[in-house]
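Hello,

Here is the structure I said I would pass on. Please open it first; my notes on what was found follow below.

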Amino acid sequence: MSRTIGYLSAAMLAGIAVPANAQSAGAENSIVIVTGQQPTTPIPTLMEGAAASLGNMELADQLFLRLAGLGPTMLTAGDRGFVPLLARSWTRRDSVTLVFDLDPRARWQDGVPVTSRDVLFSFQRAQNPAVAPRLAALLQHITGVTAEGDRRVVFRFSHPYSEQLYDATFHVAPLPAHLLDTLPPDAVARSSFVTQPVGSGPYRLVRIVPGQFVELAANEKFFLGPPKITRVIIRFATDPDARLNLVLSGQADAMDNVIPPLDNVRRVSADSSLRLIPVPSPALGFLLFNQRDPADTSRPHPILSDARVRRAITLALDRSSMVRVVFGNYGEVPYGPVSPVLWIRHGAPKPAQQNVAESRRLLAAAGWRDTDGDGTLDRGGQPLALRLSLPSTSAVRRQLALLVQEQLRQVGMRVELSQMEFPLWIERRTAGNFDIDFGSTSQDPSPSGLSQGWTCNGGTNVGHYCSPRVDSLMERAVLTRENPAEAWRQVLQQIEADAPATFLYAPTYVYAVKRRFRDVTISPASSWQRLWEWSVNR
Amino acid sequence: MRAWLLRRVMQAVTAFAVAVVLLFFLMRAAPGDPLSRLSENRPLAPAEVATLKARYGLDQPVGAQFRSFLRGLVHGDLGVSIEYGRPVTRLLAERLPATLLLGGSVLLLNFTVGLWLGVRQAVRHGQREDRWLTTLSLAGYAMPSFWLGLVLAWLVAIEWRLLPPAGMEDPLLSSGAGLAARTGDVLRHLILPSLTLSAVSIAATMRYQRAAMLDVLRMPFITTARAKGLSDRAVTWHHAWRNALFPVITLFGLWLPILVTGSVFVEAVFAWPGLGSLAAAAVGGRDYPLLMGASVLVAALVVTGGLLTDLAYALLDPRVRLA
């Protein structure tokens, strides 16, 4: 037995003794990124259902180029906020026709030129609801895509609106028709193209090691200039501690989502080889008020249908302190349902500060008083008691919910926290079975997506908020091509006044990147999209 | 013996079938479905819901889904994962080697180091070494594995930089690296998670083995063996230990499912690409096909573990067969 133990120990020591860095030549031109999102199907038009994940989309951005990319302003309205990619230029024939001229240098990774045929093929697949129901819905305003020769593509839209260029470029990156158009649409997902895709982007897929990492290699013939980082490894670790450990131990060069927890900022800052890069995030957290009675949705909510109570809740909360506690300097209180990634946040008014006296006055005006001296307000014998639903999987929301509970207690509201498993929480949320829901969302760069949550017939409007004025203002903001910023400002003001939710936090995403990398740009729309422009210090 | 074996196998098959039926229907009865979670940020249009439901067979009545699942199970087809969009059997097969490696190394450490230390304790009963090992084993048993994992990763990987803190292989290892380098690389990644998982199981095995050995060492045949002039080593390992193995065989049967399930926490902390983390993600996403696939595998292993334990008993002790 002792001998067996000895052999085992020797084997272990042999494992340690093997050089840790038996790494390939040129490792200095490599980058190892660690992320929590594991890609499964990084192919445009196949990213539907569960595959419409951030992991897939970010990897697809390395492999496939769009016609144009969102510029640093993230301005989705009009035609000025975009940078050329596969299309070198675009012009307008009229208010419903956009013409793209493809860059003649653009090539697929097998050397075949990118042509208008590829664009047509990709949009045909993307607009087929049986193939790509999500994309088909997003592209519903595009009525036709036609080719004029090999290098010109003409998009026609159902009506004039400000985000035509965004719709034509953001949702779909073209696929190689010469490799795929002989395959029936439902056969692509099972084809070898999924594991060995041929894209038009700066990197090509070398291998996917399931559950561990993806390896990419530079496309040396990339027409916008070969990437300076020649090898990219994207490692997966679902646990935040595992991700941080990989970076702090020198096994990874970059990571996303350094916080939460906030203490990670201190740990990364203590490592002189790393730097922190804050980037506006598409995330937004809010307390959504149900304006219908959860027991009978045909009736108004007995407490929260009153806008004075909803506003009182917002004013009772010290949102700035809450954000500081959880996110430190890497977060802000949003004005309206607007994450930092939306361009309409620029020029928006400051969110209301905590005002407990005004909160109490509003509650009193709504008839809520502490008649029995138990510390909880009541009206007609009913206490001001509400249930706050949240998913137990979110540490941020769990932490903030406790602060919300305590601060609302101080103005006489009794809040019961109802933490539940994510699928159960989302099911109850979708069914409108809640008083207050602690929601969180990740927004597209386009503000037009706000109509889903904050218009009378919006698909995610589970709180039953309905303001005909907001509907009308939002419709105008989406359609107008002149000063849409002002139109959106009016939308936000009205939503703030109606208080369908308390908008609690809008975090800044924090990335950790080794200092040896230069020209580092991280895009809020897709973290590593500009990786091909990064370089390495010698 | 043959009749006994046949009866025992039939019992195992029945237990497995009952487990599969219960798993399938309990899973469907749990609140939440695979598509609802997709609608947190973006509404799913009715057409989109219909397309996705049809794609995953969720538009069928539960009975039809069960029949379809059984048909697939018979043919070794567990369906397509909703989360990954790939066949479940392939996903399980991809994760199985990592799981077997981690689980196997834990069992190996458990039933070598654990048994050896347990025997040592019994032989040195009441001495200082026994007391120290008892204290250590209790400490190991009381330590939460996720906490121990975090501490080991911080100390060994970050502070001392001796071993990698996560993953199963170094992605930057040259494609031309030889078998020795690759094996060494995997071993280096294996050490921390297997030590973390072993700490608790070794402690348990030590306690079981110590108690069983103490019982046997007090028996008359041991005194006889000593009286015959056999060496301490021969008495301990050839006479006492073999008779003290029965409780440990039971323990082995109980630990066998670890081969597949591993520890979700430890797999997460060390980003180990095993089945445990895959199954845990499937629970959160209500990925029915993947969840059923993983559950069927675990159920099969639990039943097999029980069967193997009974078989081992029967082989080692004829009284079991006769009973």
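**What was found**

In chain A, Ala147(A) stands opposite Val153(A), a residue of β7(A). The model is a predicted one, so please read everything below as computed from it.

β6(A) and β7(A), the latter covering residues 152–157, run antiparallel and are joined by five bridges. The open sheet has four strands, in the order β4-β5-β7-β6 (chain A), with antiparallel pairing. At its edges stand β4 (87–94) and β6 (142–147) of chain A; each has a single partner strand, so one side of each is left without a neighbour in the sheet. On average, and ignoring direction, neighbouring strands of this sheet are turned by 20° against each other. A helix also belongs in this picture: α3 of chain A (residues 116–126) lies across β5 (97–102), β6 and β7 of chain A, and runs at about 155° to β6(A).

Thr97(A) is in strand β5 of chain A. Apart from neighbours within four places in sequence, Thr97(A) is in contact with Arg92(A), Val154(A) and Arg156(A). From Thr97(A) to Pro160(A) the C-alpha distance is 8.9 Å, although the two are 63 residues apart in sequence.

**The two chains**

Chain A has 16 helices and 24 strands. For its 538 residues a compact globule would have a radius of gyration near 24 Å, and the 26 Å of chain A agrees with that. Its C-alpha trace spans about 80 × 75 × 40 Å along the principal axes. Of the 538 residues, 50% count as buried. Among contacts in chain A between residues at least 6 apart in sequence, 65% join residues at least 24 apart.

Chain B has 15 helices and zero strands. Taken along the principal axes, the C-alpha atoms of chain B fill a box of roughly 85 × 60 × 40 Å. Of its 323 residues, 40% count as buried. In chain B, 74% of the contacts with a separation of 6 or more are between residues 24 or more positions apart. One helix to look at is α13 of chain B (residues 275–285), where the buried residues include Leu275(B), Leu278(B), Ala279(B) and Ala282(B). After α13(B) comes Arg286(B), with a positive phi near 50°.

**Where the chains meet**

How many residues does the contact take from each chain? Chain A gives 54 residues and chain B gives 58 residues. On the side of chain A that touches chain B, the elements giving two or more residues are α1 (2–17), β1 (30–35), α4 (133–138), β9 (213–218), β10 (231–236), α7 (240–248), α13 (422–430) and β21 (436–442) of chain A. The most comes from α1(A), with seven residues. By type, the residues on this side of chain A divide into 28 nonpolar, 20 polar and six charged.

**Two contrasting strands**

β10(A) is one of the strands at that contact. Six of its six residues are buried, so β10(A) is largely enclosed by the rest of the structure. Arg231(A), Ile233(A) and Arg235(A) point one way from β10(A), while Val232(A), Ile234(A) and Phe236(A) point the other way. β10(A) runs parallel to β1(A), with six bridges joining them, and Val32(A) stands opposite Ile233(A). With β9(A) the pairing is antiparallel, over five bridges; here Glu215(A) is the bridge partner of Ile233(A).

β15 of chain A (residues 296–300) has five residues, and the number buried is zero, so β15(A) lies largely in the open. β14 of chain A (residues 292–293) runs antiparallel to β15(A), and two bridges join them. Arg292(A) stands opposite Pro300(A) in β15(A). The hairpin that joins β14(A) to β15(A) passes through two residues.

Regards

Technical notes. Residues are numbered from 1 along each chain as its sequence is written. Chains are lettered from A and ligands numbered from 1 in the order in which they are written. This is a predicted model: local features need pLDDT of at least 70, side-chain atom pairs count only at pLDDT 80 or more; totals for chains, interfaces and linings use all residues. Two residues are in contact if their C-beta atoms, placed from the backbone, lie within 7 Å. Ala, Val, Leu, Ile, Met, Phe, Trp, Tyr, Cys and Pro count as nonpolar, Asp, Glu, Lys and Arg as charged, and the others, Gly among them, as polar. Two strands pair if DSSP finds at least two bridges between them. Axes are lines fitted to C-alpha atoms, for helices over the stretch in contact, and angles run from 0 to 180 degrees between N-to-C directions. The radius of gyration is taken over C-alpha atoms; the globule rule is 2.2 Å times the number of residues to the power 0.38. A residue is buried if 20 or more other C-beta atoms lie within 10 Å of its own, exposed if 12 or fewer, and partly exposed in between; C-beta atoms are placed from the backbone.
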